[in-house]
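Have a look at the structure, try each task, and then follow the solution.

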Amino acid sequence: KAWATKNCALIDMKVEFGVDEFGKIVLADIIDSDSWRLWPAGDKRLMVDKQVYRNLASVTDEGLETVKRNFIWVTEQLSTIMPKNDHLIVILMGSAADKAHCEKIAKHCKDLGLNTELRVTSAHKGTEETLRILREYESCLSNLVFIAVAGRSNGLGPVLSANTSYPVINCPPVKPENIQLDIWSSLNLPSGLGCPTVVYPEAAALHAAQIMALNNFLIWSKLRVKQLNNYVTLKLADKDIRGVQNA
């Protein structure tokens with residue numbers, strides 16, 4: 001994902017892992033030009049890794065200069081390979097009473113490497129102000145996701161969705177005793193609108209992260225780590241319930 005942003009194919013890489021005293025797998029290596037094979041534009045003839053040195057029939061000054069030039073190129077690419085931190089997840093709540101719910105969303109977003117801001121606005125009681133806030137963010141950022149948090153009759157998500165081309169996610173602060181009533185206004189949208197609805201704060205953060213991960217490999221990596229951790233947790237639970245002893 002990272003090297004693809006430089007039009008360079010990461011063919012493969014090698015890193016070594018170990019197991020600590022608690023049985024956890026840990027990285028026991030560094031990642032550098034000794035670890036990978038890189039082909040600019042996917043062309044093997046343009047390789048810029050240590051394979052160039054290995055392929056030398058004999059070590060010459062010219063050959064060493066080529067290796068040096070390639071490694072300098074790799075260093076230059078790495079200095080600018082990090083994605084810009086120019087995204088924002090705007091969490092809008094219809095009432096300050098929804099603050100705790102929004103803070104849970106923000107916490108999950110932070111764990112996934114997402115920038116967030118919390119705002120209070122009501123689409124019913126302050127439509128013009130809601131649209132002003134929307135334009136405020138649209139005018140200064142291009143990587144945006146809006147999360148609408150409004151209970152009872154949710155007008156916030158649909159109003160946002162109808163007035164922006166950026167993604168809008170509904171995450172109403174529903175309560176067990178009236179979940180069917182509160183969530184219906186988020187699900188039964190007017191035609192022409194497309195704002196999905198999730199119930200749990202973590203789900204809202206994950207959905208926003210998946211959108212941002214399309215153009216940000218760091219966020220994509222955090223999602224992959226979370227998925228792998230879920231897999232490991234399930235495997236360990238399965239091992240435990242079957243009574244399998246550690247080797």
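**Exercise 1.** Determine the handedness of the crossing of α3 and α7, then work out the angle and the residues behind it.

*Solution.* Helices here are DSSP runs of H or I with at least four residues, strands are E runs of at least two, and both are numbered from the N terminus. Before going on, note that this is a predicted model, in which local features need pLDDT of at least 70, side-chain atom pairs count only at pLDDT 80 or more, and totals for chains, interfaces and linings use all residues. Residues are numbered from 1 along each chain as its sequence is written, and side-chain values use heavy atoms, with hydrogens and water left out.

Step 1: the axes of α3 (residues 99-111) and α7 (residues 201-212) come within 8 Å and cross at roughly 45°. Axes are lines fitted to C-alpha atoms, for helices over the stretch in contact, with angles from 0 to 180 degrees between N-to-C directions.

Step 2: α3 and α7 are therefore oblique to each other (under 35 degrees is roughly parallel, over 145 roughly antiparallel, 65 to 115 roughly perpendicular, the rest oblique).

Step 3: on the α3 side, the contact (heavy atoms within 4.5 Å) involves His101, Lys104, Ile105, His108 and Cys109, and α7 supplies Pro201, Glu202, Ala204 and Ala205.

Step 4: sorted by class, this contact of α3 with α7 holds five nonpolar, two polar and two charged residues. Nonpolar covers Ala, Val, Leu, Ile, Met, Phe, Trp, Tyr, Cys and Pro, charged covers Asp, Glu, Lys and Arg, and the others, Gly among them, are polar.

**Exercise 2.** Describe how α7 packs on α8.

*Solution.* Step 1: α7 and α8 (residues 217-241) pack at about 135°, with axes 8 Å apart. That makes α7 oblique to α8.

Step 1: the crossing of α7 and α8 is left-handed.

Step 2: α7 contributes Glu202, Leu206, Ala209, Gln210 and Met212, while α8 contributes Ile219, Leu223 and Lys226. By class, the contact of α7 with α8 has five nonpolar, one polar and two charged residues.

**Exercise 3.** Is the chain a compact globule or more spread out?

*Solution.* Step 1: count the elements, and you find eight helices and eight strands in the chain.

Step 1: the chain's radius of gyration is 24 Å, well over the 18 Å from the globule rule for 247 residues, so the chain is more spread out than a compact globule. The radius is taken over C-alpha atoms, and the rule is 2.2 Å times the number of residues to the power 0.38.

Step 2: the C-alpha trace spans about 80 × 55 × 30 Å along its principal axes.

**Exercise 4.** Find where Asp98 and Asn7 lie, and classify each as buried or exposed.

*Solution.* Step 1: Asp98 sits in the loop between β5 (87-93) and α3. With 13% relative accessibility, Asp98 counts as buried (buried is under 20% relative accessible area, exposed over 50%, partly exposed in between, using a 1.4 Å probe and protein chains only).

Step 1: leaving out residues up to four places away in sequence, Asp98 touches Met93, Val149, Ala150 and Pro173.

Step 2: Asn7 belongs to the segment before β1 (8-13). Its relative accessibility is 53%, so Asn7 counts as exposed. Although Asn7 is not a glycine, Asn7 has a positive phi of about 55°.

Notes. A crossing is left-handed if the near helix is turned anticlockwise from the far one by less than a right angle, and right-handed if clockwise.
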